[in-house]
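Hi,

Here is the structure I promised to pass on. Have a look at it first, and my notes on the cross-links follow below.

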Amino acid sequence: MGKPNLLLLALISTLVVLVQSEDPYLFYTWDVSYSTLSPLGVPQQVITINGQFPGPRINGTSNNNVVINVFNNLDEPLLFTWNGIQQRKNSWQEGVLGTNCPIQPGTNFTYKFQVKDQIGSYFYYPTTALHRAAGGYGPLTVHSRELIPVPFDWPEEEYIVLTGDWYRKSHTELKRHMDNGKTIGRTDGVIINGKQGKGDGSDPPMFTMIPGKTYRYRFCNVGMKNSLNVRIQGHTMKLVEIEGSHTVQNVYDSLDVHMGQCYSVLVTADQKPKDYYLVSSTRFTKTVLMTTATIRYTGSNEPASPVLPEAPTGWAWSLNQFRSFRWNLTASAARPNPQGSYHYGKINITRTIKFVNTAGTVDRKLRYAINGLSHMNTDTPLKLAEYYGIQDQVFKYDIITDDPPADVGTKVTIAPNVITGIFRNFVEIIFENHEKSVQSWHLSGYSFFAVAIEPGTWSPEKRKNYNLVDAVSRHTIQVYPKGWAAVMTTLDNAGMWNMRSLLLERNYLGQQLYVSVLSPARSLRDEYNMPETQLLCGKVKNLPFPAPYSS
């Protein structure tokens with residue numbers, strides 16, 4: 001009888017070790033519905049999550065598993081994306097129309113993903129229809145594991161600052177405008193955490209600080225059209241993190257935060273105890289839109305000064321600030337090894353891809369394009385069509401070329417825009433902006449090294465100006481008018497990945513594409529199989545499951 005008991009104990013011990021070795025889980029249940037709120041002082045329909053706008057914070061640690069059961073109580077199909085979360089081997093959870101069937105009204109779907117080897121400041125938002133113009137967004141923050149050092153002392157408290165421009169028109173009215181081929185025009189105001197401050201001393205404090213203590217503010221531009229400048233009256237900000245990378249800790253009076261970008265700063269309460277304004281205002285607009293939030297020193301009752309700090313002017317200031325951002329080479333991020341141990345500047349480039357943003361009309365309706373092709377969503381998500389082997393029935397690969405012709409802006413055509421990438425290739429991507437407005441781009445599934453932004457047009461000789469030592473690794477990049485930006489990345493994450501304009505109108509009207517990166521081995525080492533719970537639609541709805549990837 002002794003041996004079976006020993007075997008049983010050994011089995012139990014093994015199971016306990018296996019359970020304990022798995023990374024922790026975070027569980028959330030979301031009720032997504034409409035509420036009547038007044039972000040700009042006028043009642044309108046806003047998308048809330050569990051009655052909140054902005055939505056609840058997802059707050060975890062590197063390698064945590066996140067499980068979110070989303071109940072769609074809207075009257076339209078719904079998806080969420082997790083802007084900046086790389087979804088390693090798992091584009092099934094990306095939450096865009098090229099990878100996922102939407103959650104139908106009155107039903108639910110459970111997202112399950114891991115924040116693998118990531119830290120930093122991010123946000124989520126809805127990607128279907130024009131739901132982003134109605135809210136539905138919220139913060140997603142990832143901390144370093146306890147044993148991994150962070151290059152600054154733990155702050156007294158963390159504050160989330162989700163700021164963005166906003167329309168008074170409903171999302172359905174804005175969508176109707178664009179479906180009729182019209183622009184949605186200028187935004188009507190700016191909000192911080194769902195509210196527009198009056199700036200007259202009557203607003204309750206949104207944030208409080210204890211004199212002498214240091215606080216972390218996580219800024220994200222969650223708006224729809226404009227770059228923003230953020231600043232705090234009477235205080236400086238020490239930059240410590242950009243989109244998952246620890247930075248050289250330069251001190252700034254203000255920061256330009258472009259569409260979709262997130263920055264972390266440290267602010268010390270070292271001024272006279274009273275109220276101060278946090279200011280967020282639009283950049284590069286003829287009419288500057290602005291809002292405030294009140295920061296109160298505890299125990300004080302003196303109102304903030306009505307004299308607000310001025311924002312910088314012109315894009316040259318913004319460009320110079322970008323050039324001042326540097327990767328902290330000695331700091332650890334999600335892993336214990338220093339960030340600078342990855343020498344991206346010494347890797348040979350295997351492919352250069354140039355993307356040119358253009359605008360035009362098709363059948364007298366406004367469209368936006370990349371290299372002349374305006375993306376069209378399909379009834380069958382691209383990833384599902386590819387996984388089931390019926391991609392030829394849904395889309396064509398590589399309609400656009402890596403080096404667009406000089407007259408690329410003269411004609412726009414509409415089709416699904418999918419390019420192929422070779423697994424583990426190191427690529428150089430050039431974003432060229434021939435237009436008069438600032439662009440902002442995001443690549444899902446990856447982070448990239450933002451090695452250069454310059455005016456003019458790109459040529460191979462411009463590589464001599466690249467930062468090949470300490471460019472910040474991030475997932476968004478701005479491109480100034482009549483300028484270009486260069487980024488570098490390794491295509492080491494198999495899946496179907498969305499590269500998109502973060503300007504809502506441009507994104508909705510076609511300025512996005514997908515990058516298909518396939519594992520040649522069809523191995524689980526490189527990509528997960530489609531989850532059994534994956535929603536199916538379009539041409540794959542009644543097809544038998546494909547053969548799974550092997551281990």
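A word on burial before anything else: I call a residue buried under 20% relative accessible area, exposed over 50%, and partly exposed in between, with a 1.4 Å probe and protein chains only. Keep in mind that this is a predicted model, where local features need pLDDT of at least 70, side-chain atom pairs count only at pLDDT 80 or more, and totals for chains, interfaces and linings use all residues. Residues are numbered from 1 along each chain as its sequence is written, and side-chain values use heavy atoms, with hydrogens and water left out.

Salt bridges

I took a salt bridge to be a side-chain nitrogen of Lys or Arg within 4 Å of a carboxyl oxygen of Asp or Glu. On that basis there are 22 of them in the structure. One is Arg216 with Glu241, where the closest N and O atoms are 3.2 Å apart. That pair links distant parts of the chain, 25 residues apart: Arg216 is in strand E12 (residues 214-221) and Glu241 in strand E14 (residues 237-242). (Helices, H or I with at least four residues, and strands, E with at least two, are DSSP runs numbered from the N terminus.) Glu241 is buried at 0% relative accessibility, and Arg216 is buried too, at 8%. Both belong to a salt-bridge network that also takes in Arg57, Glu158 and Arg218.

Another one is Arg296 with Asp275, at 2.9 Å from N to O. Arg296 sits in strand E20 (residues 290-297) and Asp275 in strand E19 (residues 275-282), so this bridge ties together parts 21 residues apart in sequence. Here Arg296 is partly exposed at 27%, while Asp275 is buried at 7%.

Then there is Lys383 with Glu527, at 2.6 Å from N to O. Lys383 is in helix H4 (residues 382-387) and Glu527 in the segment after strand E33 (512-518), so the pair connects parts 144 residues apart in sequence. Both residues are buried.

Disulfides

Counting cysteine sulfur pairs within 2.5 Å, I get 2 disulfides. Cys101 is joined to Cys537, S to S 2.1 Å, and the link is left-handed, with -90° about the S-S bond. These two cysteines are 436 residues apart, Cys101 in the loop between strand E5 (80-83) and strand E6 (108-114), Cys537 in the segment after E33.

Cys220 and Cys262 make a disulfide with sulfurs 2.0 Å apart; this link is right-handed, at 115°. Both of these cysteines are buried. In sequence order, the bonded cysteines pair 1-4, 2-3.

Cheers
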